Amino acid sequence: PITSIFMLTLFGTSLFMWIKANDKSARFYLFAWVWIILGVISYFLTINGIIEYNLINRNAVLFGIGLETIFFSLALADRINSMRVEKESAQNTLLLFTQEQNQILEKKIQEKTQDLIHTSEMLEMTSDIAQVGGWEFEVVSQKIIWSSVTKKIHEVTFDYLPQIETAINFYKVGNSRELISEAVNRCINDG
């Protein structure tokens, strides 16, 4: 009796899950329990003499268990397939989200690049109007870079490339040269 109650409870649960919860995998469990219940009923009817004794009725429980095993295997395969579909759907959603985020990031990068270009142009215009030049010395490569305003101040062509040995000659002899030499040497030695 306890086994029968247990089997009927599982059968009822499968039926509920299939109909009410709309769980497609539950149909396999439902059909699996149908076969085992039919096998048990057939077996009891055979041993009580209600239906004729033959090989199929006598082994109905074994046939029911065999069919139950097949349906449980189908249920497992169906669940694996549905999980695979869910995984692919989640991956596609994540991929779309990543692509959207990349587009947003690309747009922000373009906006920031335009802002930087605009700021650079404004700085160049301000520098040109104020006649304030700028220069940079790369210690490792020993390369000097002058801004366009610095080149205008020193009255050289736009494509002029200053050299470390001759750039000092653009400064006034005396205190100006000494100050710039000291400043460059201090930066090279002390950072």
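This is a predicted model: local features need pLDDT of at least 70, side-chain atom pairs count only at pLDDT 80 or more; totals for chains, interfaces and linings use all residues.

Me: Which residues make up the largest nonpolar core?

Reply: Two elements, β2 (143–146) and α7 (175–190), each supply at least two residues of this core. In general, nonpolar side chains of soluble globular proteins tend to be buried together. The six residues of the core are F137, I144, W146, A167, I180 and V184.

Me: How many residues does the second, separate core have?

Reply: Among its members are M7, W33, I37 and V40. Of these, W33, I37 and V40 are buried residues of α2. The second core has five residues.

Me: How far does helix α2 reach from its first C-alpha to its last?

Reply: Helix α2 spans residues 26–47, which is 22 residues. At 1.5 Å a residue the expected span is 32 Å, and the model comes close to that. The reach from first to last C-alpha is 32 Å.

Me: What covers the buried residues of α2?

Reply: The buried residues of α2 include F28, L30, W33, I36, I37 and V40. An α-helix has 3.6 residues a turn, so residues three or four places apart point the same way. The cover over the buried residues of α2 includes α1 (2–19), α3 (55–58) and α4 (60–130).

Me: In which sense do β1 and β2 pair?

Reply: The two strands form a hairpin with four residues between them, and Q142 in the turn has a positive phi of about 60 degrees. Over four bridges, strand β1 (residues 135–138) and β2 pair in the antiparallel sense.

Me: Which element gives the most to the lining of the largest pocket?

Reply: The largest pocket has a volume of about 250 Å³. Its lining has 14 residues, with I144, I164, A167, I168 and V184 nearest the centre. β1, β2, α6 (164–167) and α7 each supply at least two lining residues. With five residues, the element that gives the most is α7.

Me: Which residue follows α7, and what is its phi?

Reply: α7 has 16 residues and reaches 22 Å, close to the expected 22 Å. The residue that follows α7 is G191, with a positive phi near 90 degrees.

Note on methods
Residues are numbered from 1 along each chain as its sequence is written. Side-chain values use heavy atoms; hydrogens and water are left out. A nonpolar core is a set of buried Ala, Val, Leu, Ile, Met, Phe, Trp, Tyr and Cys residues joined through side-chain atoms within 4.5 Å. Buried means under 20% relative accessible area, exposed over 50%, partly exposed in between (1.4 Å probe, protein chains only). The expected span of a helix is 1.5 Å times one less than its number of residues. Contact means heavy atoms within 4.5 Å. Two strands pair if DSSP finds at least two bridges between them. On a 1 Å grid over the protein atoms alone, a cavity is a set of points where a 1.4 Å probe fits but cannot get out, and a pocket is an open set with protein on both sides within 12 Å along at least five of seven lines; lining residues have an atom within 4 Å of a point. Grid points are joined across faces, edges and corners, and a volume is the space filled by probe spheres set on the points.
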